[in-house]
Every structure is written in C-alpha cells, then in structure tokens.
Amino acid sequence: MSEKEHPRLILHNFLSPAECKELEFIHKSCSTIGYRPNVFSTTLSHLIATNSPHLIIPFVSIRERLKEKIEETFGCEFELFIEFTGLISWCRGASIGWHSDDNRSYLKQRDFAAVCYLNSYGKDFKGGLFRFQSGEPATVAPSAGDVIMYTADDRNIHSVDEVTDGERLTLALWFSRDSSHDEDAKLLSRLSQCTSHGVCLPLPASTNMYWFCPHQDVSNQNIGFDICVARLHLLGFDVHSLQGEDHSMDGSEQLLGPLQLAKGRELLIQKFANILHALQVVQFYHWKASELKTSNVENDTLEEVKAMSHSQLETIYTLKSVFLPDENLVTTIFGYSCSDEDRKDSLDLTAISPVIPSWEEYTSKLLKELLSSLPQWKTYQTIHKVESD
C-alpha cells in the first residue's frame with residue numbers, strides 16, 4: 001500500500017495467464033468502438049445485448065476477488081458495489097492526459113478503480129505506460145496479470161502515454177458506495193430474459209458500433225474499416241457473404257446473415273450465421289490453437305474446403321472494398337509483429353470445421369453455468385460464483 005496521501009496498491013500476477021488469455025479471446029471476438037479515439041471496448045451489457053450472455057461467466061470470480069481486495073485494502077468491507085466492468089484495449093495513437101476517475105459530474109459516484117493488465121509492455125505493445133502525477137510508484141509498466149488499485153479522486157491523478165504500436169489490453173472496474181449505481185442490478189434485469197439452452201449464436205449490434213474511423217466520423221464509410229472483418233483479416237481470413245448476389249441489400253447488411261470464410265483462393269464450405277459467429281470461432285481457434293491439434297483429421301477435412309470460382313472471388317473483393325478499404329490502416333492501428341505473422345500463417349482454413357464442436361462445447365458449458373447460477377443471482381441481486389452441487 002502506498003502512502004496515505006496517494007492511496008494505491010499494485011499486485012503482481014493477480015490474474016493467471018489462462019484468465020488473461022480467456023478475456024483477450026472475449027474482447028477480440030466481441031469488442032466495439034470505444035469511448036476515446038483508437039480505443040475499443042467490451043462491456044458486460046453489450047455481451048448480453050449481442051446474445052453472448054454466457055461470456056459473463058469468466059468475469060464472475062475475477063470481479064469478486066477484485067472487490068474483496070479493494071475493500072480489504074482501503075478498509076471498506078461490505079460497503080462497495082461494482083459500478084462498471086469492461087474490457088478496454090488501447091491501440092496505436094490512443095492516450096489520455098492527466099485526470100482523476102471521478103472528474104465529471106456523471107462520474108462522482110466512483111470511489112475506487114482497479115485496472116488489470118492482460119498483456120505486457122514491450123512484448124505486446126509499445127508506449128502506453130501508466131503514470132501517476134504524484135506519489136510512488138510514479139510509473140507503471142503494464143505486465144500481464146498485474147493489477148493496480150487506487151482511489152478515484154484527485155489523490156490519484158494519472159495519465160496513459162500514447163500507444164505507439166500493438167494493442168494494450170486491460171480489464172477495468174470501478175467501485176462505488178452508492179447502491180443506485182450497482183452494475184449487478186442492471187445486468188440482472190437484462191439477464192432475466194435469458195432462457196436459451198444449448199449453443200448461443202451471437203447476434204451483431206448496429207454496424208456503426210463496429211466501424212472504426214481514424215477521425216471518429218462513423219458516417220464516413222470511405223475512411224476506416226469494420227473491426228470484425230479487420231480482426232479476421234489479421235489472422236489471415238477473408239469473408240464471403242452468401243447474400244452477395246442480392247444487389248438490393250444494403251452493404252452493411254452483408255455481414256448480418258450467412259457467410260463463409262476464405263483464405264487465399266480456398267473457401268471453407270462450412271457456413272456461419274453472421275460475422276460475429278465466424279469471428280468467435282476463429283478467435284477461439286487462435287486462443288486454443290496449441291491445444292486443438294488437428295493433424296489426425298487432415299484427411300477428413302479436405303472435403304470441407306474447395307477452390308473458389310471467379311464470382312466468389314469477386315464477392316470477396318467487393319466486400320473488402322466496402323469493409324476493409326485500407327488494409328494498411330488496419331495494421332497501423334492494431335500493430336503487427338513477426339509473431340503475429342507467424343500465427344497468421346499457422347492458422348489453417350481446414351482446421352476451422354473441427355474447431356467448431358470445441359467452441360460449441362465451451363459455449364454450452366458457460367451457458368449451463370449461467371442458467372444454473374441465475375436463480376441465486378436473482379435471489380441475492382448480486383452476480384457471484386455459485387458452487388455447483
């Protein structure tokens with residue numbers, strides 16, 4: 001614990017590498033445009049709204065542990081409510097100047113903050129150092145698994161240096177003594193309609209929530225890119241819409257319906273419900289690649305891929321011109337390292353189909369836990385870890 005004038009605490013390895021990687025998977029398969037230039041965010045309410053409520057489960061025990069540690073550290077046991085939980089990534093050009101976390105009238109309810117780092121300075125991104133205006137430590141170099149906790153008032157004025165390369169990933173939580181700002185109550189109200197069983201297929205939000213523009217002018221479709229298409233592109237995959245022949249359809253709707261994935265001149269026969277469905281499966285593959293060895297299914301998966309026709313190639317090029325008009329801008333914003341290039345080349349189109357059952361099993365397991373926890377959550381009006389029988 002730092003001196004009383006600047007109450008703060010840094011804990012190393014608070015999150016495990018597995019927790020960091022799972023949250024990274026969620027963010028990279030669900031995020032939207034954030035609240036600042038070159039920032040992307042994933043909120044718990046957004047996961048519910050896009051039919052992915054099961055993805056709240058990996059946050060549950062982390063939120064509990066952070067709340068308990070904040071209350072213990074700052075001597076306010078049983079006084080706090082979680083006001084906000086969100087995954088936030090800062091890409092090239094993102095920064096924020098000196099401020100306290102309660103520096104707006106609509107933020108005065110915030111008493112404490114916790115920022116968990118999901119990847120590491122120097123390895124995964126450059127720039128993005130966290131700095132305090134006064135007190136020690138003055139500078140924090142983010143390292144995966146570490147968390148920094150501090151009061152949200154002017155005793156802990158801080159800034160974040162501009163990110164110069166890569167994507168700086170964080171889990172941010174704010175805590176309040178004001179029960180009217182309890183995030184759990186709001187989330188439970190939204191979760192009360194959750195009755196699905198089996199596999200949840202994600203449903204994209206409004207397309208402008210995924211449109212990145214360097215000048216934050218989402219109405220300008222000629223400058224920028226769709227971040228879902230961009231994240232697939234970074235992993236080496238293109239999108240082939242099965243609605244491409246419907247010329248009456250608005251361009252933005254092409255990603256909301258059935259589509260396929262392609263790589264090079266090959267097309268995966270497997271169909272996906274929409275762009276988010278495809279993105280979640282591919283990011284799951286990226287996350288679990290080392291565990292999901294598919295060498296034993298090579299012969300079975302050859303028939304899952306076919307060479308593309310000229311018209312199919314044209315559909316892909318047309319979609320790219322709409323949703324990814326400037327590929328260089330994508331690599332400029334998200335950054336690109338040699339290891340990224342190696343991963344991109346190692347992700348095989350023929351391995352996607354065998355991955356789908358593993359993704360469905362993961363989704364079903366989380367959904368089952370969510371549905372079994374909901375009765376207790378509603379009873380106590382808190383989102384907490386419920387021990388299985």
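In this predicted model, an open sheet is built from four strands in the order β5-β11-β8-β9, with antiparallel pairing. β5 (96–99) and β9 (139–140) are the edge strands; each has a single partner strand, so one side of each has no neighbour in the sheet.

- Strands β8 (residues 130–132) and β11 (residues 158–160) run antiparallel and are joined by three bridges.
- Phe132 has His158 of β11 as its bridge partner.

**Second largest pocket**
- The volume of the second largest pocket is about 650 Å³.
- Its lining comprises 27 residues, and those nearest the centre are Tyr35, Ile96, His99, Arg110 and Trp174.
- At least two lining residues come from each of β3, β4, β5, β6 (112–117), β11 and β12.
- The largest contribution to this lining is that of β12, which supplies four residues.

**Helix α9**
- In α9 (residues 327–334), the buried residues are Leu329, Val330, Ile333 and Phe334.
- Viewed down the helix axis, the buried residues of α9 fall within an arc of 110°, so they line one face of the helix.
- The packing partners of these buried residues are the strands β3 (39–43), β4 (81–91), β12 (163–176), β13 (211–212) and β14 (225–226), together with helix α5 (227–234).
- At the N-terminal end, α9 is capped by Asp326, which has a side-chain oxygen 3.1 Å from the backbone nitrogen of Asn328.
- After α9 comes Gly335, with a positive phi near 75°.

Definitions and conventions:
Residues are numbered from 1 along each chain as its sequence is written. This is a predicted model: local features need pLDDT of at least 70, side-chain atom pairs count only at pLDDT 80 or more; totals for chains, interfaces and linings use all residues. Side-chain values use heavy atoms; hydrogens and water are left out. Buried means under 20% relative accessible area, exposed over 50%, partly exposed in between (1.4 Å probe, protein chains only). The arc is that of the directions from the helix axis to the C-beta atoms. Contact means heavy atoms within 4.5 Å. A polar contact is a pair of N or O atoms within 3.5 Å; within protein, one must be able to donate a hydrogen and the other to accept it, and residues adjacent in sequence count only if both atoms are side-chain atoms. Two strands pair if DSSP finds at least two bridges between them. On a 1 Å grid over the protein atoms alone, a cavity is a set of points where a 1.4 Å probe fits but cannot get out, and a pocket is an open set with protein on both sides within 12 Å along at least five of seven lines; lining residues have an atom within 4 Å of a point. Grid points are joined across faces, edges and corners, and a volume is the space filled by probe spheres set on the points.
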